[in-house]
Amino acid sequence: QVQLVESGGGLVQPGGSLRLSCAASGTIFSINAMGWYRQAPGKQRELVARIISDGTTNYADSVKGRFTISRDNAKNTVYLQMNSLKPEDTAVYYCNADLRLWTGVKIQGYWGQGTQVTVSS
């Protein structure tokens, strides 16, 4: 039905940058929102950044000023530019999309497989 393909994770030194990408594919009628969540060991999954269909964005306080979320609607792709990375940013980052399928009735949430981001010297 829907597949979210993530890329861009890896190992980076503190102060470095990474750019995550997530492309949604399938019989998609519309995408209401896409975003990024992260989960560190022993912690709850938390919202990192989200962008909705009208362009509104929201960010976790811990990443404001450092991360930027953007989208390419033609490609059903969302990006997360991460700058000034800190060790506490280390987590598995998950892509999320709230969308409706051509064959569906309601908007439902879908998740990517996750990509590891490790910030360490």
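**Figure 1. The disulfide between Cys-22 and Cys-95.** A disulfide is a pair of cysteine sulfur atoms within 2.5 Å. In this predicted model, Cys-22 and Cys-95 meet that criterion, with an S to S distance of 2.0 Å. The structure holds 1 disulfide. The bond connects distant parts of the chain, as Cys-22 belongs to strand 3 and Cys-95 to strand 9, 73 residues apart.

**Figure 2. Strand 4 and its two pairing partners.** Strand 4 spans residues 28-39 and pairs with strand 9, residues 91-101, in the antiparallel sense over 10 bridges. Strand 4 also pairs in the antiparallel sense with strand 5, residues 46-52, here over 6 bridges. Gly-35 illustrates both pairings: Asn-96 is its bridge partner in strand 9, and Arg-50 is its bridge partner in strand 5. The hairpin of strand 4 and strand 5 has 6 residues between the strands, and Gly-42 adopts a positive phi near 75° in this hairpin.

**Figure 3. The largest nonpolar core.** This core has 31 residues, and the members that touch the most others are Trp-36, Leu-80, Met-82 and Tyr-93. Two or more residues each are contributed by strand 1 (2-7), strand 3 (18-26), strand 4, strand 5, strand 7 (67-72), strand 8 (77-82), strand 9 and strand 11 (115-119). Strand 9 supplies the largest share, 6 residues.

**Figure 4. The surroundings of Leu-80.** Leu-80 is one of the core residues that touch the most other members. Beyond its neighbours within four places in sequence, Leu-80 is in contact with Leu-18, Arg-19 and Leu-20, with Trp-36, with Val-48 and Ala-49, with Phe-67, Thr-68 and Ile-69, and with Tyr-93. Of these contact partners, Trp-36 and Tyr-93 are also listed among the core members that touch the most others.

**Figure 5. The surroundings of Val-78.** Val-78 lies in strand 8. Its relative accessible area is 0%, so Val-78 is buried. With neighbours within four places in sequence left aside, its contacts include Leu-20, Ser-21 and Cys-22, together with Ile-69, Ser-70 and Arg-71. Further contacts of Val-78 are Met-34, Trp-36, Ile-51 and Cys-95. Both cysteines of the disulfide, Cys-22 and Cys-95, are therefore in contact with Val-78, given that contact means heavy atoms within 4.5 Å. The C-alpha atoms of Val-78 and Met-34 are separated by 6.7 Å, although these residues are 44 apart along the chain.

**Figure 6. The aromatic pair of Phe-29 and Trp-102.** The structure holds 2 aromatic pairs. In the pair of Phe-29 and Trp-102, the ring centres are 4.7 Å apart and the planes lie at 80°, an edge-to-face arrangement. Phe-29 lies in strand 4 and Trp-102 in the loop between strand 9 and strand 10 (108-111), so the pair ties together parts that are 73 residues apart in sequence. Phe-29 counts as partly exposed, at 39% relative accessibility, whereas Trp-102 is exposed, with a relative accessible area of 57%.

**Figure 7. The aromatic pair of Tyr-37 and Trp-111.** The rings of Tyr-37 and Trp-111 form an edge-to-face pair, at 5.0 Å centre to centre and 65° between the planes. Tyr-37 in strand 4 and Trp-111 in strand 10 are 74 residues apart, and their pair links distant parts of the chain. Tyr-37 is buried, with a relative accessible area of 17%, whereas Trp-111 counts as partly exposed at 41% relative accessibility.

**Figure 8. Arginine side chains over tyrosine rings.** The charged end of Arg-19 is placed over the ring of Tyr-79, 4.4 Å from the ring centre. Arg-45 lies over the face of Tyr-94, at a distance of 3.7 Å from the ring centre.

**Figure 9. The surroundings of Ser-30.** Ser-30 is a residue of strand 4. At 30% relative accessibility, Ser-30 counts as partly exposed. Apart from its neighbours within four places in sequence, Ser-30 is in contact with Leu-99 and Arg-100. The C-alpha atoms of Ser-30 and Thr-77 are separated by 13 Å, and the two residues are 47 apart along the chain.

Notes:
Residues are numbered from 1 along each chain as its sequence is written. This is a predicted model: local features need pLDDT of at least 70, side-chain atom pairs count only at pLDDT 80 or more; totals for chains, interfaces and linings use all residues. Side-chain values use heavy atoms; hydrogens and water are left out. Two strands pair if DSSP finds at least two bridges between them. Helices (H or I, at least four residues) and strands (E, at least two) are DSSP runs, numbered from the N terminus. A nonpolar core is a set of buried Ala, Val, Leu, Ile, Met, Phe, Trp, Tyr and Cys residues joined through side-chain atoms within 4.5 Å. Buried means under 20% relative accessible area, exposed over 50%, partly exposed in between (1.4 Å probe, protein chains only). Rings of Phe, Tyr and Trp (its six-membered ring) pair if their centres lie within 6.5 Å; planes under 30 degrees apart count as stacked, over 60 as edge-to-face and the rest as tilted. A charge sits over a ring if NZ of Lys or CZ of Arg is within 6 Å of the ring centre and within 35 degrees of the ring normal.
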